[in-house]
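I opened the model today to look up its strands and its charged pairs. My notes follow in the order in which I checked things.

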Amino acid sequence: MSVLPGICTLLEEIDKKIMVELRDGRILIGYLRSIDQFANLVLHRTVERIHVDSRYGEIPLGVFIVRGDNVVLLGEFDDDKDRTTKLIRVSKEEILEAQVLEQKVKQEKEQIRIKALKERGFSYQLDTTHEDY
(Lines give C-alpha, C1' and ligand atoms only; values in the text may rest on other atoms or scores of the structure.)
Protein backbone atom coordinates (compact mmCIF):
# COMPACT_ATOMS: atom_id res chain seq x y z
CA MET A 1 0.00 0.00 0.00
CA SER A 2 1.34 3.46 -0.86
CA VAL A 3 1.74 6.10 1.82
CA LEU A 4 -0.62 9.04 1.45
CA PRO A 5 0.45 12.39 2.90
CA GLY A 6 -1.53 14.48 5.38
CA ILE A 7 -5.17 13.92 6.21
CA CYS A 8 -5.54 10.99 3.85
CA THR A 9 -3.66 8.74 6.28
CA LEU A 10 -6.43 9.28 8.85
CA LEU A 11 -8.85 7.48 6.56
CA GLU A 12 -7.24 4.22 7.65
CA GLU A 13 -8.15 5.03 11.29
CA ILE A 14 -11.92 5.31 10.70
CA ASP A 15 -13.88 3.09 13.12
CA LYS A 16 -10.77 2.44 15.22
CA LYS A 17 -10.32 3.45 18.82
CA ILE A 18 -7.95 6.42 19.00
CA MET A 19 -6.42 8.68 21.61
CA VAL A 20 -6.22 12.42 20.94
CA GLU A 21 -4.23 14.98 22.90
CA LEU A 22 -5.60 18.51 22.61
CA ARG A 23 -3.77 21.83 22.79
CA ASP A 24 -5.16 22.50 26.26
CA GLY A 25 -3.66 19.22 27.52
CA ARG A 26 -6.84 17.17 27.67
CA ILE A 27 -6.71 13.57 26.49
CA LEU A 28 -9.70 12.07 24.70
CA ILE A 29 -10.24 8.41 23.85
CA GLY A 30 -12.97 7.33 21.46
CA TYR A 31 -13.87 5.73 18.17
CA LEU A 32 -13.05 7.85 15.11
CA ARG A 33 -16.23 8.04 13.04
CA SER A 34 -15.57 10.90 10.62
CA ILE A 35 -12.95 13.41 9.47
CA ASP A 36 -12.97 16.28 7.01
CA GLN A 37 -10.44 18.24 4.96
CA PHE A 38 -9.57 20.41 7.99
CA ALA A 39 -8.80 17.36 10.16
CA ASN A 40 -11.92 17.99 12.25
CA LEU A 41 -12.78 14.75 14.02
CA VAL A 42 -16.00 13.13 15.16
CA LEU A 43 -15.41 10.72 18.04
CA HIS A 44 -18.00 8.25 19.30
CA ARG A 45 -18.17 6.75 22.82
CA THR A 46 -15.62 9.35 23.87
CA VAL A 47 -14.12 9.63 27.34
CA GLU A 48 -11.79 12.26 28.72
CA ARG A 49 -8.95 10.59 30.59
CA ILE A 50 -7.37 12.50 33.44
CA HIS A 51 -4.00 11.45 34.89
CA VAL A 52 -2.77 12.48 38.32
CA ASP A 53 0.43 10.80 39.48
CA SER A 54 -0.12 7.04 39.12
CA ARG A 55 -3.92 7.28 39.02
CA TYR A 56 -6.35 7.97 36.24
CA GLY A 57 -10.07 8.44 35.82
CA GLU A 58 -12.42 8.81 32.89
CA ILE A 59 -15.29 11.18 32.26
CA PRO A 60 -17.78 9.93 29.64
CA LEU A 61 -18.50 12.52 26.92
CA GLY A 62 -20.41 10.52 24.28
CA VAL A 63 -20.21 11.89 20.73
CA PHE A 64 -17.55 14.59 20.60
CA ILE A 65 -16.44 16.90 17.79
CA VAL A 66 -12.83 18.09 17.82
CA ARG A 67 -11.62 20.97 15.68
CA GLY A 68 -8.56 19.90 13.75
CA ASP A 69 -6.45 22.86 14.85
CA ASN A 70 -6.83 21.77 18.50
CA VAL A 71 -5.22 18.36 17.89
CA VAL A 72 -1.63 18.02 19.08
CA LEU A 73 -1.24 14.26 18.85
CA LEU A 74 -3.41 11.44 17.57
CA GLY A 75 -2.87 7.71 17.50
CA GLU A 76 -4.51 4.32 17.65
CA PHE A 77 -5.41 3.18 21.17
CA ASP A 78 -4.36 -0.32 22.22
CA ASP A 79 -6.81 -1.81 24.76
CA ASP A 80 -4.45 -4.72 25.52
CA LYS A 81 -1.61 -2.40 26.54
CA ASP A 82 -4.05 -0.27 28.50
CA ARG A 83 -5.11 -3.29 30.59
CA THR A 84 -1.50 -4.07 31.51
CA THR A 85 -0.60 -0.54 32.61
CA LYS A 86 0.62 0.10 36.14
CA LEU A 87 -1.72 3.07 36.50
CA ILE A 88 -4.56 2.71 38.99
CA ARG A 89 -8.08 3.45 37.78
CA VAL A 90 -10.17 5.50 40.20
CA SER A 91 -13.67 6.98 40.13
CA LYS A 92 -14.51 10.16 38.27
CA GLU A 93 -15.08 12.02 41.53
CA GLU A 94 -11.78 10.89 43.01
CA ILE A 95 -9.71 11.89 39.97
CA LEU A 96 -11.42 15.28 39.71
CA GLU A 97 -10.64 15.94 43.37
CA ALA A 98 -7.02 14.88 42.86
CA GLN A 99 -6.80 17.13 39.79
CA VAL A 100 -7.99 20.16 41.79
CA LEU A 101 -5.41 19.45 44.50
CA GLU A 102 -2.67 19.06 41.89
CA GLN A 103 -3.62 22.40 40.30
CA LYS A 104 -3.53 24.12 43.71
CA VAL A 105 -0.03 22.77 44.35
CA LYS A 106 1.12 24.01 40.92
CA GLN A 107 -0.34 27.46 41.61
CA GLU A 108 1.40 27.64 44.98
CA LYS A 109 4.73 26.68 43.38
CA GLU A 110 4.20 29.32 40.69
CA GLN A 111 3.51 31.97 43.33
CA ILE A 112 6.74 31.04 45.13
CA ARG A 113 8.64 31.26 41.83
CA ILE A 114 7.14 34.69 41.03
CA LYS A 115 8.03 35.94 44.51
CA ALA A 116 11.62 34.71 44.11
CA LEU A 117 11.90 36.45 40.73
CA LYS A 118 10.58 39.72 42.21
CA GLU A 119 13.09 39.51 45.06
CA ARG A 120 15.85 39.26 42.46
CA GLY A 121 14.59 42.31 40.60
CA PHE A 122 12.69 40.62 37.79
CA SER A 123 9.12 41.56 37.00
CA TYR A 124 6.73 38.88 35.92
CA GLN A 125 3.12 39.31 34.94
CA LEU A 126 0.70 36.57 33.96
CA ASP A 127 -1.47 37.25 30.92
CA THR A 128 -4.92 36.18 32.03
CA THR A 129 -6.81 38.15 29.39
CA HIS A 130 -7.28 35.22 27.02
CA GLU A 131 -7.42 31.47 27.01
CA ASP A 132 -5.28 29.24 24.82
CA TYR A 133 -8.17 27.38 23.25
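Entry 1, strand S2. I looked up how enclosed S2 (residues 27–35) is in this predicted model. Seven of its nine residues are buried, so I noted the strand as largely enclosed by the rest of the structure.

Entry 2, the neighbours of S2. Which way do S1 and S2 pair? I found strand S1 (residues 17–22) paired with S2 in the antiparallel sense, over five bridges. I wrote down Val 20, whose bridge partner in S2 is Leu 28. Ile 18 stands opposite Gly 30 of S2. S1 and S2 make a hairpin, and four residues lie between them. In that turn I noted Gly 25, which has a positive phi of about 95°.

I then turned to S3. The pairing of S2 and S3 is also antiparallel, and I listed seven bridges for it. Ile 35 has Leu 41 as its bridge partner in S3. The hairpin of S2 and S3 has five residues between the strands. Ala 39 in this hairpin takes a positive phi, near 65°.

What is the strand order? I read it as S5-S1-S2-S3-S4-S6, an open sheet of six strands with mixed pairing. Strands S5 (71–76) and S6 (88–89) stand at the edges, and each has a single partner strand, so one side of each is left without a neighbour in the sheet.

I located Thr 46 in strand S3 (residues 41–52).

Side chains of opposite charge can pair when their charged atoms come close. How many salt bridges does the structure hold? I recorded 10, and looked into some of them.

Asp 24 forms a salt bridge with Arg 26, and the closest N and O atoms are 2.9 Å apart. Asp 24 counts as partly exposed, at 30% relative accessibility. Arg 26 is partly exposed too, with a relative accessible area of 31%.

In helix H2 (residues 92–119) I noted Glu 110 and Arg 113, which lie three residues apart, about one turn of the helix. They form a salt bridge, with 3.1 Å between the closest N and O atoms. Glu 110 has a relative accessible area of 22%, which makes it partly exposed. Arg 113 is partly exposed at 39%.

Which residue does Glu 58 meet in a salt bridge? I found its side chain with that of Arg 49, at 2.5 Å from N to O.

Notes: Residues numbered from 1 in each chain as written. Predicted model: local features only at pLDDT ≥ 70, side-chain atom pairs only at ≥ 80, totals over all residues. Heavy atoms only, no water. Salt bridge = Lys/Arg side-chain N within 4 Å of Asp/Glu carboxyl O. Buried < 20%, exposed > 50% of the residue type's maximum accessible area, 1.4 Å probe, protein only. Pairing = 2+ DSSP bridges.
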